[in-house]
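The following explanation leads the reader through selected side chains of one protein structure. Please keep the sequence and the model in view while reading.

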Amino acid sequence: MMNSSDELDAVSETLAQLVTRVRHTHEEIYGQPPEFVVAAPGRVNLIGEHIDYNDGFVLPMAIERYVVMAGSRAGSGHAQSRFHSISMDSDALLASDGSPVDHLDTPGWACYVQGVLAGFAGVGLDVPPLDVSFDSTVPLGGGLSSSAALEVATATLLEAVTGTTLDMREKALICQKAEHDFAGVPCGIMDQFSSVFGRAGELMLLDCRSQEITAVPFTDDGVTLLITNSNVKHELNGGEYAERRSQCDSALKIIGKPSWRDVTRDDIQMCRDQLSGSEYQRASHVVGEIQRTTRAAEALSASRLTEVGELMYASHDSLSRDFEVSCRELDLLVDLARGVGEAGGVIGSRMTGGGFGGCTVTLVKTESAPALIDRLMKEYEAETGVKPSCFTSCPALGAHIVS
């Protein structure tokens, strides 16, 4: 669990303000200050989309947007834990094993908390009844892992309450299982690993087969990552995510290799007649994206930024054409950034997250970011009638105890 003083110095003023708000609200609701306050970030993925569940490589970083959660041990008169979402102004009453006390009044966000409580019970950790409040600056439905941030914040709070420090991988996997079993989203490991393992000044090249992490420094003040929310909402449990995963699994079975890491483009072509059109497209994306991600990590480490940008555009084109998870709004944001080009400070851009809406991530020269934001906001709204949201972020500190 990360709580070193050097890393905590990098926590943004925005996080400090969020912590203050959650502390005050917690005391107002429950009549006592919190005993524990924790934070867990969302993430953005520079490249490597829809391959974390296909044994691929991904290149994410934790972002400077957090879920902050405050907790106190409940009084003797309470047998269940009370969770309050400040931003959604809703409550959930949950047993220590995660089961809801009243199904009819349980809000949708509670499934993520339930899953983590169940995971802690499953490894033999006894969680006492708690009073909990939380708030978030991670955009909802934007492909920035707001659900993983909530899961990891819950796990970090439960660690603090029980005096336990889980192995970081075990903690991330408990949170991933929560999303699988309680939210019905068969996600890979990227989101939860990013929130748990995030480090300031670093992206992580995550091998989703071995679970090994290689740090990729990102400390050049001259470039930054711009995250643009299309403000088109998506729900990954609507079936599209599971359908893409099923198509990848069926394509791999036809190709006859044990892992996508063993598949080449020639293998795909040899099985072209046996694959459906969709299976062929999904296979083409997976093999190409694995190659693009490792190349991007190498190029970024060597400061070959033009190459990184080209790989980002190729990734987006593949996600739009072969994996079919983009949409008109995401394509428009990428095309607008591509039109500005390196002459205007734009190095590369692509959709990020599960797709069907959400965000794009753009690598841009820091001095050019304000002008790019202004242009994207004006031209995107003029074209769609929707106002986008933009913010820049450096790689941020992962889950940690604030106090």
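**Charges and rings**

Arginine 282 lies over the face of phenylalanine 323, 5.8 Å from the ring centre. A charge is said to sit over a ring if NZ of Lys or CZ of Arg is within 6 Å of the ring centre and within 35 degrees of the ring normal. Arginine 65 is likewise placed over the face of phenylalanine 391, at 3.8 Å from the ring centre.

The model is predicted, so local features need pLDDT of at least 70 and side-chain atom pairs count only at pLDDT 80 or more, while totals for chains, interfaces and linings use all residues. Residues are numbered from 1 along each chain as its sequence is written, and side-chain values use heavy atoms, with hydrogens and water left out.

The whole structure contains three aromatic pairs (rings of Phe, Tyr and Trp, the latter by its six-membered ring, with centres within 6.5 Å; planes under 30 degrees apart are stacked, over 60 edge-to-face, the rest tilted). One of them joins tryptophan 109 and phenylalanine 134 edge-to-face, with 5.0 Å centre to centre and 80° between the planes. Tryptophan 109 is buried because its relative accessible area is 7% (buried means under 20%, exposed over 50%, partly exposed in between, with a 1.4 Å probe and protein chains only). Phenylalanine 134 is also buried, at 6%.

Another pair, phenylalanine 193 and phenylalanine 197, is stacked, with 5.3 Å centre to centre and 25° between the planes. Phenylalanine 193 is buried, with a relative accessible area of 0%, and phenylalanine 197 is buried, with 14%.
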